[in-house]
Structure formats: C-alpha cells, structure tokens
Amino acid sequence: MSGPAAVTARVVVPVPLPRPFDYLPPSGARLPPVGSRVLVPFGRRQLVGIVVDHGSPPADRSVKLRPIARVLDEVLLDDRLLELADWCCRYYGAAPGETANLLLPGALRRVKAFRPAPKPFIELTSTGREAELSRAPRQADLRDRLITGPLARRELLESGFSADVLRRMLDAGLVRAVEDPGVIQSTAGPELNAEQRHAVSAILAARHRFEALLLAGITGSGKTEVYLHAARRMLERGRQVLILIPEIGLTAQLVRRIESRLGAPAHVYHSGLSEGERLACWQAARTGRARVIVGTRSAVFLPLKRPGLIVVDEEHDSSFKQAEGARYHGRDVAVMRARKLGIPVVLGSATPSLESLHNATQGRYRLLELTERAGAANLPRWRIIDARGRSGRLDPELVRNIRRHLDEGGQVLIYRNRRGYAPVLMCAECGWSADCRRCDAHMTWHQANASLQCHHCGVHHRAPPRCPECGSPELLALGAGTERLEDQLKAEFAEVAVYRVDRDSMTGRHDFDQLLEKVRDGKPCILVGTQMLAKGHHLPGVTLAAVLDVDQALFSADFRAPERLGQVVCQVAGRAGRGERAGEFLLLTRHPEHPLLEAMARGDYLAYARKLLAERQAAELPPATALALLRAEAHQPEAPRVFLEQAGRLLHSKRIEMIGPLPAIMTRRGGYWRFQLWLQAPDRAALAGHLAARIEALHDLPAARKVRWHVDMDALEL
Ligand code: ADP
Ligand code: ZN
Ligand code: ZN
C-alpha cells in the first residue's frame, strides 16, 4: 500500500488484539521502512513493534494518531518473512502481535540492552597445553576433550563440565573463547544404497524451485544420511540448510553427527538456550554465517540470507504444533516458507502423518520411500502378548523374554505411556478413587514422594493415609506407571542396571544425554520410560523393545488415537535391532484380537496408515476435510456454550459444516469447562479465509469477554 500518500506506519505490537495499529513517523523524521523495529507508545506503556505496512492518514479527522517514539533498527526483517507471518495470522487466526513474538528472539522484543553472547567455541591455548593440572582433575579432563580441536561451549557444558571449571580455565588463560572452530574434521559416512541415492537426487533436482518431498523411510533406513548428503551439496553451493527437529532432547546427538559429516559448525536454536545464545544464532542465520541450523519449531521463522534447503525430521511429531499464542504447525509453516523461498523442503519420518501422506496421494508432495534398514540391520520380529489378568504385576512371558535377551548380552527398552507409580488409587472398601477436583481425571499416585498428582493441571498434594470417604486404611494402587515398573524390574532383575526415563527422573538439562551416552557402552541393561524413549534415538545395543498397555488408545474417543498408537508402536519397535544383532518387539494388550493391532503387527506402517486414511475419508474427517475448532472455556459451563452459539450464528455459511457446541473430550480441566465448535470444509484455505474474515467480529461478540477462546486451525487435540 505504500505510495506517495503513505504517511502512517502500520505496526504490530505484542498484544493479543486482532489488528495492527497506525502511528505517525517519529517527530521530525521520515517514515521508517517496512520491516523496521520500532518503539511505540501503547496506552501508558511503550512497546517494541514491527512496521508491517505503510498507510494513508485516517479519514476520520478526530482520530489522533501518536508518533513512533524511536526507530530501533531499519529493515531488520525482510518482506518474505513478513509475508510468512501475515500468512500465519490469517491461516491460524492468530493476533498479528503474536507473530512479532515469532519473528524476533526474546532479546529483540525488549529495548533493554542485552549482553552479547559469548563467543561460542572454546580452544586450548599453548599455556593450557603445557599447564601442570594433576591437582585439578576436572580441568585436566576438560583439556583432554580439547586436545583434538575447539569445541562448542554448549557441548562442553552438556557433557557435564561445570560453567565454573570453564570460567577458571578462561581466567587462567588455559583456554580462550573463539568465534569459529576453524575447520571441523569431516568424515565421509557410509556409501548410500540405491533408494537413498534416488532420494538425494530427487531433493537436489528441486534445488532451484519449491518442492515438498515426503521421505518415508522405515526406522533405521538411513533418512538422516539422506538429509546430510543433500545438505552437503547445498553447502558446497553456498546455501544454508535449516533442519527442524521436534525436541531439544534430540539435538546434542544430531549436532555431533551433522558437524562431523558436513565439516561445518551447526548452529542451534531452541527454547532451552539462553536469550543471548538465541540472539547469536538469529544473527548468524540472518547474516548467512550460520550455514547449518538445527532447531525446534520456532526456528522455522529464523531469517535466512541464502536459504537452500529445509528439512523437517520426524515430521509426524505433534511437538511441531504450538499449543498457545499463535497456534501454528512448524511443519506446515516450513512447507509454506519453502514455497515462498522457492526451495525444496524434505519431510522425513518412519511413520508419516496422515496429513502428509494425504498430500502425497494428492500429488502435492512427492513420496520417496526407503523400504530397508541401512547397512546390516534388520527390522525386529513382532509378537503380540495377551496380557489379560495381570493386574499390575509384571507379565511372566515378558519377564522370560527380557531374561533371555539380557542373558544373550542385549539391552531392553520398555515403553509405558504413564509416569508415576499407579494411575489410580482406590479404596478397597467403598470404591472411592482419588480424582482431581479441577479436572475430569484420576490423580496419579507417585510413591517416591508419597503424593497424588494430576497430570493435566499440575495440582498435587500428599497421598491420604486412609480413605477420606470411609476411613478404611486399605487403599489399592491400580495399574502400573513407570515408577512401579522400575521397582518391579529392579526386584526381578537385580543383576543389571534399570534406568527410568521420564519427566520425573530426567530433570537436569543433560541427564538424558548422559544416560544415552552410558547406555551406548553396550552393557546389558533395562530402560523403562515414556515418550522420551520412543523418539529417534539410535541405541545399537537394544535387542528387545516392548510396549505395555495400549488398550486405552484402542478405545479412545479421539479419531486420531489409532494413528498416534500406530506411530508410537512402530517407533518403539524401531528401537530394537539397530545394531548387528537381530531385534525383537513385544506388544502387551488385553485385546489381542483387535483389528487395529492385527493391521499394525504386519509391520508395514505405510499400509496401516493408508488403511486409516481410507477410514478418515469415509468418515469425512481430516485430512480428507479441513477442520478448525473454535474453543472456549470458563469457570462456569454456561458462558462457553453461549459464546459458541453466538459465534456459530456469526460463522454460519452454506460452504461450512458446523457441529456443536460440543464438550471437549476432557470437559473440565484446571477448573475450566471446555467446549468447542467444529468447523469443517473441503478446502483448508477456504475455511481459514472464512474464519479470518470474521475474527474481529468474534472478538467483538458480547459473550467473548466472559470466556477464554481461540481458533485452532488443523486442531490436533479434541
Ligand atoms: P534413520 O534416520 O532412518 O533412523 P540413520 O540415517 O540414522 O537412519 O541410519 C541408521 C544407521 O545406519 C546409522 O548408524 C547410519 O550411519 C547407518 N547407515 C545409514 N545409511 C547407511 C548405508 N547406506 N550403509 C551403511 N550404513 C548406513
Ligand atoms: Zn473408602
Ligand atoms: Zn487436575
């Protein structure tokens, strides 16, 4: 819109209101260009905002515009990023101000001066090389690590060296901080097989244009090697590579592998970093100095000087979806970004989402398959165990199998999707059970700290010694969470180490990484844990993997439950037999005859997924149709219903199918009553456009003030 008449700047500020605000140029100065970062008065505060457009003065002369207080940086953000943010706003129904938070790292969202990040690499000095350190064993250890060349500060801290040891060595001049590690020794990596080569050449063939490629490769088929080969070719051409991963927990391992394969430092961007570190990565991405960037979903908005390739690893993972603020899906934004940049994007997974598979079927994405495990490894053998009548005790057949694998020198991985000791605590006399007062949920009994915890709202208190209803002291712990399994396994297999992996046991930032390091020594051991264990870790010593208790998921009210179950089961199965020794996989259920399990047990995830896709199509559910939820919640059940009814009238259209207001599957959570309106249409863009055109009117509805509400486009949770 910027033309000769442009005299106002349209600025997005970080407030949850559905529009940008107009300002005059700073007094006596010209209008800052689009993409500039500015400080503006807002109410009685001053806020940092981004100029997204220019405009003409308001027709209504009585509207008094205020001038911009200060221009902080000119053209910090390029047009293509602003367009992407604008698309996010309209598509996801987010407030424009929330996108300011996506585009700028925390340090740039405030005017306050920030300390620049320390130089990221640590190098041994000649003094350090010769120093006598026999009285300072930690310092000597650190020196040993640095003998072969500089390492990232982050990596040193992650491998257990304290910031204190590092500071003392810096102060004594034994080591120094440097900007760049120099040349990293690169290793060639394995020779690719035919399927991998085909995938790499398909990616490279698209290097000058947009194409979305779905790399569906079974677990251990060498997907990462494919990304790395393609990335290497991009780097050789001076282009940047952005690799998105679902979780921080996976970075350290991947970063080491990337750096050694590509011979270039990988810059990391995720929420576990300090503000200074994030800013440093943001700047390095913007200037092009960061050639390889590994990050979680928010990295999809990093400015890139010479973008060449975007990779989304484990694209099916729901952590790519942001659950608050701007509810974007990192994978889908990555695809949109690649389209706007005219570069290829690779979505990789052993268990692709039905959304991506659907896009491949429709010809929007190109499907590349890797059907065999790379190298010498084979897929594990599957077995379903009938676990009826075990009520909380370890299954004897499971025990026999674990023992056999341990005896043969293997490691064992057991997945249970529930932390704590027991999911239910119940009175044997009167049937009372410990339930959360604020949620429709049982409280989980955690024996370690004798507490009852609600895993949905976080409330916790001491476990009662006797039944609060009838006074009976006989309280029964029903079912087994990871804590109880750990106890049972320790009692049964006293001779090996049993490691529990869940949010309660892995509290430190590096606990999990250190544990994985320990487990890779290959000694027989048992790992028992939650989701954390199911994700892409390469544990070559694991020969037996098991999933316990899938039964809840088989009968869930959520139409996505069978997909999620299939993914978890297949990912856990995929942890076994990745080394030289053959693997085995066990699935324990009280419904061994369930048709879903039968389909899954054939071990062909794509075939299973295609079957689910056909069912979704028949039921007219996503991804066959587009689904947005309008959610509302309040302390009283009436207010959200009233709001959603008003919203329903406002959103009414012949082209949109509307269902509800319906209660959410968990109707009460954290003291809030939760309801939703389902909006469905054949086309995602049309549905998003319909909502975007009415979002301001939704904000203005009289009932909107009495509830918390938001639009959830492509909703994953029901
Ligand atoms: P994925 O990402 O599909 O799980 P990876 O790329 O991590 O698979 O590969 C699994 C293991 O197989 C790794 O140890 C990797 O080095 C090895 N590998 C990958 N491709 C080959 C190949 N073509 N030949 C031999 N080994 C390979
Ligand atoms: Zn009782
Ligand atoms: Zn609760």
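## Charges over rings

In this predicted model, the charged end of R668 sits over the ring of W673, 5.6 Å from the ring's centre. Another arginine does something along those lines: R708 lies over the face of Y672, at 3.9 Å from the ring centre.

## Rings meeting rings

Search the whole structure and you'll find ten aromatic pairs. One of them joins W87 and Y92, with 5.9 Å centre to centre and 85° between the planes, an edge-to-face arrangement. W87 and Y92 are both buried. Ring pairs also bring in Y91, making a cluster of W87, Y91 and Y92.

Then there's Y421 with W445: the ring centres are 5.3 Å apart and the planes stand at 75°, so this pair is edge-to-face. It links distant parts of the chain, as Y421 is in the loop between β17 (411-415) and β18 (424-427) while W445 belongs to strand β19 (residues 444-446), 24 residues apart. Y421 and W445 are both buried.

## The zinc site

Who holds the zinc ion (ligand 3)? The protein donors are the SG atoms of C436, C439, C454 and C457, lying 2.3 Å from the ion. Along the chain, these donors follow the spacing C-x2-C-x14-C-x2-C. The site is tetrahedral, with angles of 107 to 111° among the four donor atoms. C436 and C439 are buried.

## Helix α8

Just after α8 comes G238, which takes a positive phi of about 80°.

Terms used
Residues are numbered from 1 along each chain as its sequence is written. Chains are lettered from A and ligands numbered from 1 in the order in which they are written. This is a predicted model: local features need pLDDT of at least 70, side-chain atom pairs count only at pLDDT 80 or more; totals for chains, interfaces and linings use all residues. Side-chain values use heavy atoms; hydrogens and water are left out. Donors are N, O and S atoms within 2.8 Å of the metal (3.2 Å for Na, K and Ca); water is not among the atoms, so sites may look incomplete. Four donors count as tetrahedral if all angles lie between 85 and 135 degrees; four count as square planar and six as octahedral if opposite donors are over 155 degrees apart and all others between 65 and 115; anything else is irregular. Buried means under 20% relative accessible area, exposed over 50%, partly exposed in between (1.4 Å probe, protein chains only). Helices (H or I, at least four residues) and strands (E, at least two) are DSSP runs, numbered from the N terminus. Rings of Phe, Tyr and Trp (its six-membered ring) pair if their centres lie within 6.5 Å; planes under 30 degrees apart count as stacked, over 60 as edge-to-face and the rest as tilted. A charge sits over a ring if NZ of Lys or CZ of Arg is within 6 Å of the ring centre and within 35 degrees of the ring normal.
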